[in-house]
Amino acid sequence: MNAFASVLDNIFDPLDSGSAPGGSVAVEIDGNVVYSRGFGLASMESGLANTPRTRGRIGSTTKPFTCLSAMLLAEDGLLDVDAPLRRWIPELHPELPPVTVRQVMNHTAGLRCWVDLLMITSGMLANFPESEVLPLIARQRGAQFEPGSRFLYSNTGARLLSLLIERVSGKSYEAFLRERIFAPLGMWDTCLPSSEYEMLPALACPHIATGQGFRRGMMPSTVLGEGGLISTVHDLMRWTAFLRHPHIGNAATWREMLTPAHFPQGKDGSYALGLVDELHRGTRVLHHAGAVVGANSQMLVVPEHKLGLAILVNRSDISATELGWKVLDALLGEKLMPAAPTATGATAAAAGFYVHAESGRTMALEVVNERLCFDHQSQYAPLTVDGDAFVLNQVGFKTTRLKVVGEGSDAVVLLEQPDSALQFDRKNPVDSLPYLQRMSGRYSSVETDTEVRIHAEGPAQFEMRGPYGRSLWRLEALDVGAQEHEELPEFWLLRPLDPAPVRWVAMRLIVRGGAVQALEINTPRTWALHFDRI
């Protein structure tokens, strides 16, 4: 116990403050908890400290529980995971292609993320009724790609699974989990709040870091199987030990749970049914992280070393995922293969924005703390070096390789993943003011019931208004070449002026006859959200 404490306290002591939020951590080996502690405050208002018994929001670490619940219904003979989801959710848009239950569990369905849609169009301060979530999902007319052909992480699938579990079982989502999973495992502190406003004993408050301190974090609507559970690190120790020796669900169920998505290109991904199964420095790790507004989590299992760990963080500016990998590296040390070299500031020339011309999807590389990073728009992921390419550890893919070809404005990034190979062309930000008058006006999205207003003057040049909130953005053009003042730039960035889950999103103008007819918004989880000019 003391050996673990001395190693891990070096990681968590710097985060243990009596004047700022923090989190909690626990580690188990072969089912025995060998390290647990809280750090920082559970609430800035009350001044109560975090402990290993403090409950926290686990975000998308909920998804493995949701997928196991669906598989238990399949065991019961009540569900076919390869049947169309529409059999149980007939509200889906009639133009949506057939999507199976399995495809929403492994994120190959191509569904837009409803949380992403809501936060981008209505802002993080929106108060979106739970009853409106399914209608929002049902308004999405199609999939973002042929279901089963690619991977795209989306909270919509797990939301629909929650409804499916309730309709098939005849019980609430939480009641089913409590009866079939939580009670058998003794996870008595794990539950699903009925809403963002429910007050529960020993629950840490999420905190959003701002330039002036912290503010309370709340999701803009109630979340269910996509990320709604609360738990403690001690309860999650029961879950990590269970994952190494599962006794709920039969052998066939667990073969399915741990089988990753297989793509038509002949390669496998790393995301199975609610669990990521991949190698970390040569060692197999099962894991799933999670995040809500103002809090995040990580759950890791290392079967070879009989090890499990869980970290809950109740502030937005500390990453439980990064802490989890640090803990793993500290505990296993020389048992792991040497870490790949990181891409350093010497590669700074590669930093910039790159656009996939056909789709309008935009990516960015940026130097952070002297390391070249992939900009996920909400967080930075350091790149490692493999020969003449950079490697990105990205959920869903065993490897994402990026190769920068050329220099300066002529540079392109060749991005390879198991499901695709795409070319992104370098685009540099330019002054947007010369173009705003030609773009100003109103645009409407039927799929989100949202109106966009572009203003030629003022700081809030781009305004999205949904039925329950709005979001304000600053426009930034990406270059069009030599005739930049004669042609409208096709590709743009939106920079948030209000609290937002991302630092930027991409926009594409659709121009015909020299006039803007429509625009499309692209985020990591929402492709080609269309707005017609009105």
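Analyst: Tyr354 stands opposite Arg426 in strand β19. This is a predicted model, in which local features need pLDDT of at least 70 and side-chain atom pairs count only at pLDDT 80 or more, while totals for chains, interfaces and linings use all residues. Residues are numbered from 1 along each chain as its sequence is written, and side-chain values use heavy atoms, with hydrogens and water left out.

Tyr354 belongs to β11, residues 352–355; strands here are DSSP runs of E with at least two residues, helices are runs of H or I with at least four, and both are numbered from the N terminus. Between β11 and β19 (residues 420–427) there are 3 bridges, and the two run antiparallel. Two strands count as paired if DSSP finds at least two bridges between them. β11 is also joined to β12 (residues 362–368), again antiparallel, by 4 bridges. In that pairing, Val355 has Thr362 of β12 as its bridge partner. β11 and β12 make a hairpin with 6 residues between them, and Gly360 in the turn has a positive phi of about 85°.

In a regular strand the side chains alternate between the two faces of the sheet. Along β11, Gly352 and Tyr354 point one way, Phe353 and Val355 point the other way, and all are buried, meaning under 20% relative accessible area with a 1.4 Å probe and protein chains only (over 50% is exposed, in between is partly exposed).

Let's move on to another sheet. It is open, with 6 strands in the order β2-β1-β10-β9-β8-β7 and antiparallel pairing. β2 (32–39) and β7 (276–280) are its edge strands, each pairing on one side only. From one strand to the next the twist averages 20°; axes are lines fitted to C-alpha atoms, for helices over the stretch in contact, with angles from 0 to 180 degrees between N-to-C directions. β1 (residues 23–29) pairs with β2 over 7 bridges, and Ala26 has Ser36 in β2 as its bridge partner. Helix α8 (residues 233–244) packs on this sheet, touching β1, β2, β9 (295–302) and β10 (307–313), and its direction makes about 145° with that of β10. Contact here means heavy atoms within 4.5 Å.

Two loop residues deserve a visit. Thr62 sits between β3 (56–57) and α2 (63–75) and counts as buried because its relative accessibility is 0%. The Thr62 side chain reaches the backbone oxygen of Gly59 at 2.7 Å. Not counting residues up to four places away in sequence, Thr62 touches several others, including Tyr173, Glu226 and Leu229. Cys205 lies in the loop between α7 (173–185) and β4 (207–210); with 12% relative accessibility, Cys205 is buried too. Leaving aside neighbours within four places in sequence, Cys205 is in contact with Ala42, Ser43, Arg216 and Asn314.

Beyond neighbours within four places in sequence, Ile89 is in contact with Leu134, Leu160, Leu163, Leu164 and Arg167.

Conventions:
A polar contact is a pair of N or O atoms within 3.5 Å; within protein, one must be able to donate a hydrogen and the other to accept it, and residues adjacent in sequence count only if both atoms are side-chain atoms.
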